[in-house]
Amino acid sequence: MEKPIIIAELCCNHMGDIDIAKKMILSAKQNGADVVKFQKRNIDEWAKHKPEVYKKPHPNPENSFGDTYEQHRRFLEFDYEQHKILKEYCDFLNIDYSASVWDIKSAEEIIKIEPKMIKIASACNQKFELLDYLCKNYSGEIHISTGMTLYEDIDKIVNFFVKRDRAKDLVLYACTSSYPVAPQDICLLEITRLIDKYKDVVKAFGFSGHHNGTNIDISAFTLGAKYIERHFTLNKNFKGTDQKASLEPEELKELCFKLNEVFMTLNYKGNKILEVETSNKEKLKW
């Protein structure tokens, strides 16, 4: 069993403020996370592609940072130079930086700052032009969530990477795209299904959780998810749609402790009496 890699997904919980983003990176590091992850979108492209969404008001006005969803997304979006600053701050703190890229322009910019891994969100995992760009232009790990995705479409994604000789850099995540997701909809056994089908093909497996609490992540790890990704916030009462489904610092600390403690237990005794058993053997064994 490999040591779990814990990813703190900062998403939009920084509220478009780079100073808050830096505080979140520092807190994630202090509380045990191995990676922090941001998101990068070309708002012009998405506003053109989804005008029925971007030109209308945010569906939850109390969490909106603009009069329309487009204004809201622009307010929250960090530009290339800001991502460079955040990557440099991660390097300074010795915590890995990553980002989900939602389009080719964003992928191009994030590739330039050389993260160890780049994520494709469930919403974008059928954008094969984007996947092809990453396969051809990025040499690191490519992580893909499988929320909102049929089994046959996951097959298409994996085969796409196989044909481009990049499957050994591919990490597949079990995921349900709901915020927060109810326990009955988490479907943890998707982890074992992915492992059974693709363990000889892809590099590793992960779990992207949007639930409340931390116990379910322990189960995900013991089922074989090496990467555990959770949304992270400094305060669940901050403005934003993802805040309530995120872990606060103490919860992240608890999760990291639990995962690493469970990792230490996942071994065999072997055909021997452990040293810690010796005195009790002499005292108690018949």
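Helices (H or I, at least four residues) and strands (E, at least two) are DSSP runs, numbered from the N terminus. By that count, the protein chain has twelve helices and eight strands. This is a predicted model: local features need pLDDT of at least 70, side-chain atom pairs count only at pLDDT 80 or more, and totals for chains, interfaces and linings use all residues. Residues are numbered from 1 along each chain as its sequence is written, and side-chain values use heavy atoms, without hydrogens and water.

Now go inside. Buried residues (under 20% relative accessible area; exposed is over 50%, partly exposed in between; 1.4 Å probe, protein chains only) make up 51% of the 286. A nonpolar core is a set of buried Ala, Val, Leu, Ile, Met, Phe, Trp, Tyr and Cys residues joined through side-chain atoms within 4.5 Å. The largest has 76 residues, and Phe161 is among those with the most contacts inside it. Helix H1 (residues 18-30) gives the most to this core: six residues. A second, separate core of eight residues includes Tyr173 and Tyr227.

Finally, Lys239. It lies in the loop between strand E8 (227-231) and helix H11 (249-265). Lys239 counts as partly exposed because its relative accessibility is 33%. Its side chain reaches the backbone oxygen of Ser64 at 2.6 Å.

Methods: Polar contact = N/O pair within 3.5 Å; in protein donor to acceptor, adjacent residues only side chain to side chain.
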